Amino acid sequence: MQLGFYFDQNRCTGCYACAIACKDWHDVPAGPARWMRLLYREEGKFPKVFVSHMATPCYHCAEPVCAYVCPSEAITKREEDGIVVIDREKCREEKACGIISGEGTSLLYAEQEAPCQVSCPVHLHIPAYIALIAKGRFKEALEVIRRRMPLPSVCGRVCLHPCETECRRKDVEEPVAIMALKGFVTDNVPQELPDRLPLTQPDCVAIVGSGPAGLAAAYDLIRMGYGVTVFESGPVVGGMLTTAIPEHRLPREVLKRDIDYLEALGIDIRTNTRVDLGRGLDDLLEEGYGALLLALGASKGQKLDIAGANLKGTLDGVSLMQDIKSGKSIELGEKVLVIGGGNVAIDCARSARRLGANAVRVACLECREDMPAEDSEIRQAEEEGIEIHCSLTSSLVREDNGKVTGVECQEIEGLQFDENGQPSFKVVKDTGHVFDVDTVIFAIGQVPDLTGLSGDIKTSPMGTIAADAGTFMTARRGIFSAGDVMNGPTSAVDAIASGQKAAFFINRYLQGDVLRVRPQKTISPKDITVDIPADKEKQPRQVMPTLSVSERMSGFREVALGFIEAEAIQEAERCLNCAGHLCKDACPYSAPQFADEEKARMQKCDLCVERWGDGQKPICVEACPPHALDAGTMDELKMKYGDVTEAHSFNYSRTVQPSIVTKPKQR
Amino acid sequence: MSPEERSQTNDEQIVLCTSAFDCGGRCPLRVHVKDGVITRIEGDDYSDEDKQLRACWRGRAYRHWIYHPDRLLYPLKRTGERGTGQFERITWDEAMDTIVSELKRIKETYGNGAIFLGGGGHLGALHTRGALNKALSMFGGYTSSYGNISSEGAVWAVQASYGDVMVGHSREDMLNSRLIIMWGWDPVRMISGTDAIGNLIKAKEAGIPIISIGPRYEDSAATLAAEWIPIIPGTDAAMMVAVAYVIIKENLQDQAFLDKYTVGFDKFEEYVTGIEDGAEKTPAWAEAISGVPAETIIDLARRYATNKPACLMDCQGPARAAFGEQYNRCAIALTAMTGNIGKPGGSACGGLMGIPYGHMFRSSGIPGMRNPTEVGGPSIRGTLDLNLRLVRRIHTNRIWDGILKGKAGGYPADVKMAWFAGGNILNQRGNINKGVQALKSLEFIVAQDLFLTPTARYADIVLPVKSFVEKNDLTRPWPSGPYLCFSNQAIEPMGECKTDWEIGCLLAEKLGYEDFDNKTEDEWLRTFVSENPEYQRFIKNYDEFKQEGIQRLQFDEPYIAFKAQIEDPENNPFNTPSGKIEIFSQRLADLNSLLTPPVPKYIIAEREDRNHPLAKKYPLQLLSPHPRVRVHSTLQNVDWLVEVDPHVMWINPADAEPRGICDGDEVYVFNDRGKIAIKAWVTRRIVPGVVSIYEGAWYEPDEEGIDRGGCVNVLTDDTYSPGGAAALKTVLVETAKV
Ligand SMILES: Cc1cc2nc3c(=O)[nH]c(=O)nc-3n(C[C@H](O)[C@H](O)[C@H](O)COP(=O)(O)OP(=O)(O)OC[C@H]3O[C@@H](n4cnc5c(N)ncnc54)[C@H](O)[C@@H]3O)c2cc1C
Ligand code: SF4
Ligand code: SF4
Ligand code: SF4
């Protein structure tokens, strides 16, 4: 038997009688522990306003993820009636759950976040999905990831994972392989395409650019109920992820999984459709799109302003990568020098090797430790026979009859970057050095291509679109921007975060709300003190299995092979669970609650378990003045009210299977 | 299990109680008591679930009010400056001795008129200020205020039109309507009878279209209405007049009804069509005033006039404004024009909504005595002339002015001391800063309350009062039943608290009035039940009534106001001079004032609204609706309530954006009368150009005089309309980010 709730959104007046009755009955103090919460949603421009509420107690799920992640096994689902109950004595008792010391932060237990989550630009519930992986609950883990992540496969492979940099397991030995664990679930949970989402908003949004910024905005906007059309000038979806990041790191079919998922939700992506940045924008607005998002990326490669930079045999990195990806035949020399120290540079170098260049070198300004490229990337590059030369500046491309013959470099010291990213340094005297090469690849950054951009959209001195950092709106009302076109070249996850913020502001704009929001208090991961138990046993990080070097050189096969299940589980078990409250983070509805008290222990709706014996219903049900709530066995409720688990402006999780029947609010 | 059976388990007792607040409802509560302490509160468990009188959110939180750490438990005397809240505990003897000696001194020095008695609070039969009134009357009398701060406009309008205040229908009668118009009525927030919301939900689910008209998209509108018509505050009468215009022009009025039951429709018609003053009150005319598009007005008029029966529900809030009574008068004219009076599914309008069963106006009470200071004043029975009512009394929204100006200012007395028997008057009348001055000017102040309210902070002696669970009393629904309640004592009194009745008796004893009151609480309550005709009719057994805590009154059909007058007019005239519904009132014509015209009008005269010159400086109109999570200022600081509905100012994005105000920002709201600090809630649920702050938050001035508590009455004015309504919603302010 399964007991559950019924909720009629049409009857709920938003009065909170349920919530207060619940607090009174269970003697829960005022404060953050709210067993019954009411979500408020206000939609539509004045005067066409629409209001809905959603009663969110605990839904006593068929698959209670809260129970799965609890380290102390304090949460159980009762056989006899399906009520998910908490043994508060056990909570945080058998095993620690949360080891952040309160000092330095004024945050309550439930508000504390792990350093990894804080440093993740999209704020993924990392410890929760890792805990689910540790318990073998991969499907549930993927759902937690998808809550905030539109491109889980991408960010399971090529993310710059600032989270791992902050992961405190490094104070024991090494950080947890957060990114690879994400990649593991995306590879190992069979893809199930979601249903199309209902369009509940009157407006549609046009997104120009199908890179991570555009797709992230599309994902959030369609989940808010907007119609979304993504216009992509190229033949493929995904921006740089598809057109530039090499196959050996991010195979196309992997990316396609994520894109298929997004399209299944109802996002309309139109490839080979360039939007003219002048008149074209007006056309879109006239066609009736409520808002536009420019997520055009930064696609124009740059070269150093030195003599010989435009000789035959000099290339820019992005164009090269794009040409490789689009299958153009590439003619590279034998001896290649890549100028630059970032991921693009390493990608160019490793691709050059795969295309047959024998001697591939990378020369960059930064010293080895400061190279922006991923460490593992550099390591793998070296394995592949690529030489890395650091702290060098290039001053001249030598030629012979118009053909590149070498590059002159000098050693530098005192390297610094100004706020616009422009370097300054001193050349060390008498350190001239000539690389003997026939091909030079510049990988020194990209700028947006804003050809034809309408004059009323302002640009910055950096050549990016100027948008208000507090609203993401450009100088023209209703046109927003996000991603690399606004910030210059960043990374996939930064572009995703940027797209999500843009979606947030676009929603406010379309709702006729004030765009700006109060600045949120942010906490730096550096300020988080984690008390790692002194006796924590060392357990080295799982090494990502890779292709052998010879296998790699035969083409563009993906180098990383991914964890197998046992490796993933072992790796997941390394998580220190710094912040705790895993149940709350894993629950799609944040139903687990914590009071403002010393050693807060989980509490939540218990479906008034002790009232049923008396033939009564839960107190919230009996308190609701307009009878919007009911409770009973799920079979009874479905008989009485129909089998609908759909609510206006509220997304139920299919994975956990909540025990609730609802009547969605009608417009 | 029955409540009695359940009360046996766990040595827990279940006591049947109700609150006695002016809260808009009256819900039977089942209070769980264990070892003398309330552990939980449950609501009505009547077997017919559908007819349960379910407590609202406030009722659910009473435990944290009853046991609030700030409850006053002992008498206090002031030790610091007035308003600073410095007090020390004293005995009842010392408190009462001080009061008696001050009363005597003031009486001897200035006469009885110098004693002002005001109050509010407990709405029961016995434990009210009745005994105090009587004791002070025996002492030679006192000055009091005239008028009800909430409903004076509506009362005046129904008196003028019907000569009767019982203008409601049973709530279930709304199910007989074909169209329901909630015009300035938000029952979800202000309850309007515990059974209102349930019946409205049923009406909606039965497919009866519901329209909401008001400056805010209220919770009722959001839940029930298919359509919201936003309107600029204070302009309802203009829109109503234009609705009448459309009905007249399209000849949709129920002429037979008008001819048979009303007087003076022709005069109203002359005003509406412009024959009287040359100005046609067209929808376009009203659009310019109210902001409601002319087409919307036309559409509404047609729908209202052609869907019969239709239930137009006006209320009291929009009448709490300059010329507010005209809103209720106009509504009555409309329901008369459409022939909806006295009929099932119709409505009589007039905003008061009561039916004559269990009505709170018909509560019992200890027999009083005429206040000697009022003897010899003009006869005010049934008068519509406010001036007559203010000969011996001070208008309730003018108390501070009356205290400050006294007889020289045209008020009936020079007040030197005030006794506030509950009521938190400082907080709950217009223009608090004037109130502070007035209170500081007095020689002696007594306050009795459960908490050290902003008013009590100015008192010299503060007397602690019991809450409803600490006494037995007869209570009545707001505004009426059909049911009657008995609220049982659930716990021993807290500290040394007494009830208002006990305080009155104690005063009489100290004043040496022997045999002032020889009855016990139980004797009084039995007497009330046996002597009041309504209890006589419905309560067969006192003890059973007390045990059950409620007597539901069952009728075969819903009560319909004026049904008798409509069905049999010959034998049942209306209680007006003409015996008919007075669209035109000769009594008003006799007053001969443009501001109290004989027919309902939208009065064109200066008022503090967006057309006032002051709007240049203070461009926003301010509303001060009843709070959702308080009963006016009662239940302030009940943590369970505050957390679900924090005190905020509603502001439209169109007003917030240019002022740089984000949702959640701390703002100042100010005008020439004062300045408050509050958080902004940016919402599309309010008309641009209007901000809204719920009344009742406690006034908490800082050193600079800025009210940090966000009490809206720092900003409102202490004026009243010609009909006597406190004009608390005719206010201009500006707001800025802190
Ligand atoms: C070689 C290379 C390797 C990289 N490696 C990594 C990595 O390992 N990890 C990482 O996190 N990041 C990496 N990045 C960076 C990352 O790919 C970018 O930061 C990210 O893709 C930027 O996202 P975006 O959505 O802003 O723009 P883009 O991904 O550039 O997408 C913009 C899209 O807009 C389209 N578009 C432009 N103009 C128009 C128009 N007028 N009409 C229609 N469509 C238009 C473009 O065709 C493009 O598809 C790499 C970048 C490169 C070049
Ligand atoms: S709603 Fe959340 S807390 Fe409740 S059972 Fe489901 S996952 Fe657990
Ligand atoms: S079922 Fe009980 S515990 Fe759960 S929300 Fe309702 S009142 Fe609270
Ligand atoms: S008690 Fe009922 S109407 Fe009130 S908030 Fe809860 S569910 Fe909604």
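**Entry 1: a tryptophan and the cores**

I started at Trp419(B), which touches Ile99(B), Leu103(B), Phe116(B), Leu117(B), Gly118(B), Leu132(B), Leu136(B), Val446(B), Gln448(B), Leu463(B), Ile503(B) and Leu507(B), leaving aside residues up to four places away in sequence. I noted that the model is a predicted one.

I then looked up the largest nonpolar core and found 250 residues in it. Trp419(B) is listed among those with the most contacts inside this core, along with Tyr129(A), Ile99(B), Leu463(B) and Leu507(B). Helix α17 of chain A, residues 492-510, gives the core its largest share, eleven residues. I also found a second, separate core of 91 residues, with Val165(B), Leu179(B), Trp185(B) and Ile581(B) among them.

**Entry 2: a helix of chain B**

I checked helix α17 of chain B, residues 432-441, for buried positions and found Ile432(B), Lys434(B), Gly435(B), Val436(B), Ala438(B) and Leu439(B). These buried residues pack against α16 (399-405), β14 (417-421) and β15 (444-449) of chain B.

**Entry 3: domains**

For chain B, the assignment lists domain 1 (76-142 + 370-467 + 493-515), domain 2 (153-357 + 559-591) and domain 3 (613-737). Here the C-alpha centres of domain 2 and domain 3 are 29 Å apart. I found 22 residues of domain 2 of chain B in contact with 24 of domain 3 of chain B. About 1,900 Å² is buried between these two domains, 58% of it from carbon and sulfur atoms. On the domain 2 side, Arg189(B), Arg216(B) and Arg320(B) lose the most area, together 38% of what that side buries.

**Entry 4: between the chains**

I looked up the contacts between the chains: 51 residues of chain B meet 50 residues of chain A. The two chains bury about 4,100 Å² between them, with 52% on carbon and sulfur atoms. Arg54(B), Arg60(B) and Arg684(B) supply 20% of the area chain B buries against chain A, more than any other three residues.

**Entry 5: two ligands**

Which residues come nearest to ligand 4? I found Cys12(A), Cys15(A), Tyr16(A), Cys18(A) and Cys624(A), out of 13 around ligand 4. That shell has eleven nonpolar residues, two polar and no charged.

Around ligand 2 I noted residues including Cys58(A), Cys61(A), Cys66(A), Cys587(A) and Lys604(A). The ligand 2 shell divides into ten nonpolar, one polar and one charged.

Conventions
Residues numbered from 1 in each chain as written. Chains lettered and ligands numbered in written order. Predicted model: local features only at pLDDT ≥ 70, side-chain atom pairs only at ≥ 80, totals over all residues. Heavy atoms only, no water. Core = buried A, V, L, I, M, F, W, Y, C linked by side-chain atoms within 4.5 Å. Buried < 20%, exposed > 50% of the residue type's maximum accessible area, 1.4 Å probe, protein only. Helix = DSSP H or I, 4+ residues; strand = E, 2+ residues; numbered from the N terminus. Contact = heavy atoms within 4.5 Å. Near = heavy atom within 4 Å. Nonpolar A, V, L, I, M, F, W, Y, C, P; charged D, E, K, R; others polar. Buried area = accessible area lost by both parts, 1.4 Å probe. Domains from an automatic or database assignment.
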